[in-house]
Every structure is written in structure tokens, then in C-alpha cells.
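Here are a few exercises to work through with the structure open beside you. Take them one step at a time.

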Amino acid sequence: MQCKQKEKDLEEKVIEISTERLKGFKNHPFKVKNDQQMEALRESIGRFGILNPIIVRPKLEGYYEIVSGHRRCEAARQLGFTKVPVLIRVLSDDEAILEMVDSNVQREQISPSEKAFAYRMKYDVLRRSVGRPKSGQIGYVYPKGKSPLQEIGAEAGDSQKQVQRYIRITYLIPEFLKLLDEGMLAFNPAVDISFLSEEEQKELLNAMDATQSSPSISQAQRIKELSQSGNCTREKMQEILGEIKKGETNRVMFKNEQLYRFFPRSYTPAQMKKEIVALLQTYCEQYWGN
């Protein structure tokens, strides 16, 4: 009983710890970026300090692992803080994952890939907890009649199907995850693309570069069907992507061979497009003053 009471006291006590003793969470899915949000956070911490303590857990190696508050900690470091207020909690690996995900996934601005990997980490924990007694390792009382997907969706405000789709996109290669996060690839086609093998996804990237096109939902579904039938080649994917999509009948299109009259053969379609846009911009500025 005394041991449990000591752990409880340690969990609830807020103390200041050197930033040198704090390390990030292993496989943390939420990126710490130097963006406008970080700038606003630095300004706030510079004026008022860290209002909400950083949640950490002690590690046997002698350091503390950040469970929640990576951005606050980084902002403090950038401001030159050598110590930050922390709330120490003794957590198992699974408990730490649940707290880390739940404390971050409700943020206003998180990317699709961040949410996807967070959902997957929580899903893996909840699956491991099924069938455990209430006194089990992570102390998670599993809701009667709810699946892990339903539980995640209920807490995050997504449907079970949507949670499943987010988890699915964790099978995308990094290049497609980047396109998705940057808004260059729509979410629904990304889900279908995630069913392609890694090699097929790389070939699809080449096909997209050649056609300067991103797959629509129907095109992604057809490419997925090609993969499932074992007939997915770059040529077939390029043929699908080269089709005129619904609503694009008035699009201006050039064949690569037409453009190679004006560009070196070593140029990729992306390089040609970039130079054409730059030339048009120069023309507009010179003749129209725009």
C-alpha cells in the first residue's frame, strides 16, 4: 500500500526538470514543426510561461519520456528555458500510448498522416487489451459490445469506417503520405492506393509524374483492381491517369512530344510545367502589369 501511495504522490506532483533530461516519445506520430502555431506558442510561453505542465513518465535509463507536451517543450527550448514544469506519471507502455494519442488527436490542426498513425497506435493497444481482466496491465475497462474501431471513433468524433480508413493509409509509402498532407492527393483515392504494394506505389508515382495527374476516386479504384488481379503495371496505370476526368473536358492539354520541341529531352514533365508557368508569369508582368 505504501508503494502504491508513493507512486500516486509522484504522479500528481508538478516539479521543474531540466530539459536535458527530457526525451521525445518513441514513434511519436505528431510532428513538431516551426510553423505559425509554434510561433504563437513561443510568444505565449515567452509572456506567460508554460501554463499546462508537460506530462512525462520516468524511464529506468534515468531520463523522462515526454507523453504530452512535445511542442511546449520544444518552444521552451527555443526560448532558452533550461527547466520546464512537468507532471510525472508512472505509466506502462500501453498506458502512455493511450494518453499520448488522446491528448493530441483533438488538436485543431493535425495532418491526415498524424491522425492515421495515432489511430493505429491506439488501435494496437486496444486490441491487446481485449479479454484482459480489470486488474490487467493497462487498466483499461473495455466497453461492452464495442470494438476497438468503434471506441476510437466515439472518442475522436469519427465513424468506425473512417477510423478504419485512416489506419489503412499508414500503409502508404512516405512520398504518398507527403502528397496527402500537402493536399496534392485526396483522402479517398489515398485509401485505395494504400492497397498497392510498395513497388506498385512507386510505379504509380512515376505514372503520375509522366501524366502530371493525380488519380480521382474512380481511377484509384481501378488501379487497386489491377493490383488485386496481378496486372498492375506502370503502363496501365499511366493509361488510366491519362484519361480526361469528369469536369475537365475544357482542360488545355499538351502531349510530351509537342513540348519536347521547346525543351531538352532530359526534362521531366514537372520541369517543363514549372518553366512554362514561370514564362507565363513573366509575360503577364511585362505586358499586363499583373
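Before the first exercise, one definition: helix axes are lines fitted to C-alpha atoms over the stretch in contact, and angles run from 0 to 180 degrees between N-to-C directions. Keep in mind that this is a predicted model.

**Exercise 1.** Describe how helices H5 and H6 pack.

*Solution.* Start by finding H5 at residues 112-129 and H6 at residues 148-156. Their axes lie 9 Å apart, at an angle of about 130°. Angles of 65 to 115 degrees count as roughly perpendicular and those over 145 as roughly antiparallel, so H5 is oblique to H6. The handedness of this crossing is right-handed.

Next, look at who touches whom. H5 contributes Tyr119, Lys122, Tyr123, Leu126 and Arg127, while the H6 side includes Pro148, Leu149 and Ile152. Sorting the contact residues of H5 with H6 gives seven nonpolar, four charged and no polar.

**Exercise 2.** Find the aromatic pairs and classify each one.

*Solution.* A search of the whole structure turns up two pairs. In one, the ring centres of Tyr119 and Tyr166 are 5.7 Å apart and the planes meet at 90°, so this pair is edge-to-face. Tyr119 belongs to H5 and Tyr166 to H7, so the pair ties together parts 47 residues apart in sequence.

In the other, Tyr166 and Phe187 are 4.8 Å apart centre to centre, with 50° between the planes: a tilted pair. Phe187 sits in helix H9, 21 residues from Tyr166.

**Exercise 3.** Are Tyr166 and Phe187 buried or exposed?

*Solution.* Both Tyr166 and Phe187 are buried. For Tyr166, the relative accessible area is 12%.

Notes. Residues numbered from 1 in each chain as written. Predicted model: local features only at pLDDT ≥ 70, side-chain atom pairs only at ≥ 80, totals over all residues. Heavy atoms only, no water. Helix = DSSP H or I, 4+ residues; strand = E, 2+ residues; numbered from the N terminus. Parallel < 35°, antiparallel > 145°, perpendicular 65-115°, else oblique. Left-handed = near helix turned anticlockwise from the far one by under 90°. Contact = heavy atoms within 4.5 Å. Nonpolar A, V, L, I, M, F, W, Y, C, P; charged D, E, K, R; others polar. Phe/Tyr/Trp six-rings, centres within 6.5 Å; stacked < 30°, edge-to-face > 60°. Buried < 20%, exposed > 50% of the residue type's maximum accessible area, 1.4 Å probe, protein only.
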